[in-house]
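Hi everyone, thanks for coming. Today I'd like to walk you through one protein model, step by step. Please have a look at the sequence and the structure first.

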Amino acid sequence: MSESLGMILKKLRKEQEIGQKDLCRGICSISTLSRIELGVREPEQILFESLITRLGKDSTKWELILAENDKKLFEKRNYMEYLVQTEQWQKLKKEVEQYEQMRGSSNNMEQQYCHLIRSILYRQEKNYQEALREGIEHDKRMNELFMNKPPFFGMIEKKEVL
């Protein structure tokens, strides 16, 4: 399975004349991408989704070739994002707990995602200290992934923090 995913990524990357460094910036290390492309490592679903999306492809169409647990995590993330959009906070709280149990000890991207969801939940509860703490953890994960995005703090208005 990893060989086919890695070959797909490499083929798309080469077709678009994108270097490994540019593709994996902020997502994973160059060595991780190289191992995936060589078929030495199987990417987690969230990692594959991020890479394939950066290549301009629809990540939802790849779920058929994912491992069963990755597929379940993918579906759970989609459902949680729906709950955020529809402001169903109690359901979201239960879903994020289930997601964390499902994912087990996983990579930084999944941990980063959980920090983001929890920070949104705390913000809705007006527990701004915990929202900020989760936001800081989210930012730490981003820094570990070498992401050059604006910090989380912009998501909370200053008057809410003070």
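Let me start with a term we'll need. A salt bridge, as I use it here, is a side-chain nitrogen of Lys or Arg within 4 Å of a carboxyl oxygen of Asp or Glu. The general idea is that side chains of opposite charge can pair when their charged atoms come close. One thing to keep in mind throughout: what you see is a predicted model.

Arginine 133 and glutamate 134 have their closest N and O atoms 3.0 Å apart, and because the cut-off is 4 Å, the two form a salt bridge. Are these two partners buried or exposed, or something in between? Arginine 133 is partly exposed, at 38% relative accessibility, whereas glutamate 134 is buried, at 3%.

Glutamate 100 and arginine 118 meet through their side chains in a salt bridge, with 2.0 Å from N to O. Glutamate 100 is partly exposed at 26% relative accessibility, while arginine 118 is buried, with a relative accessible area of 17%.

How many salt bridges are there by this rule? The count comes to 11. Another one of them pairs the side chains of glutamate 125 and lysine 93, at 2.6 Å from N to O. This pair links distant parts of the chain, 32 residues apart: lysine 93 is in helix H6 (residues 89–103), and glutamate 125 is in the loop between helix H7 (108–124) and helix H8 (128–144). Glutamate 125 is partly exposed, at 39% relative accessibility, and lysine 93 is partly exposed too, at 30%.

Now let's step back and look at the whole protein. It has 9 helices and 0 strands, which reads along the sequence as α-α-α-α-α-α-α-α-α. Of the 162 residues in the protein, 38% are buried. The accessible surface comes to about 9500 Å², and 51% of that belongs to carbon and sulfur atoms. And if you take contacts between residues at least 6 apart in sequence, 56% of them join residues at least 24 apart.

Next, please find helix H3, residues 30–38. Which of its residues are buried? They are Thr32, Leu33, Ile36 and Glu37. These residues cover an arc of only 135° around the axis, so they lie on the same side of H3. Just after H3 comes glycine 39, which takes a positive phi of about 85°.

Last stop: the aromatic rings. Searching the whole structure gives 2 aromatic pairs. One of them is tyrosine 79 with tyrosine 82, a stacked pair with 6.2 Å from centre to centre and 25° between the planes. The two tyrosines are 3 residues apart in helix H5 (residues 68–85), so about one helical turn separates tyrosine 79 from tyrosine 82. Tyrosine 79 is partly exposed at 33% relative accessibility, and tyrosine 82 is partly exposed at 42%.

Definitions and conventions: Residues are numbered from 1 along each chain as its sequence is written. This is a predicted model: local features need pLDDT of at least 70, side-chain atom pairs count only at pLDDT 80 or more; totals for chains, interfaces and linings use all residues. Side-chain values use heavy atoms; hydrogens and water are left out. Helices (H or I, at least four residues) and strands (E, at least two) are DSSP runs, numbered from the N terminus. Buried means under 20% relative accessible area, exposed over 50%, partly exposed in between (1.4 Å probe, protein chains only). Contact means heavy atoms within 4.5 Å. Accessible areas come from the Shrake-Rupley method with a 1.4 Å probe; for residues, only the protein chains shown count as cover. The arc is that of the directions from the helix axis to the C-beta atoms. Rings of Phe, Tyr and Trp (its six-membered ring) pair if their centres lie within 6.5 Å; planes under 30 degrees apart count as stacked, over 60 as edge-to-face and the rest as tilted.
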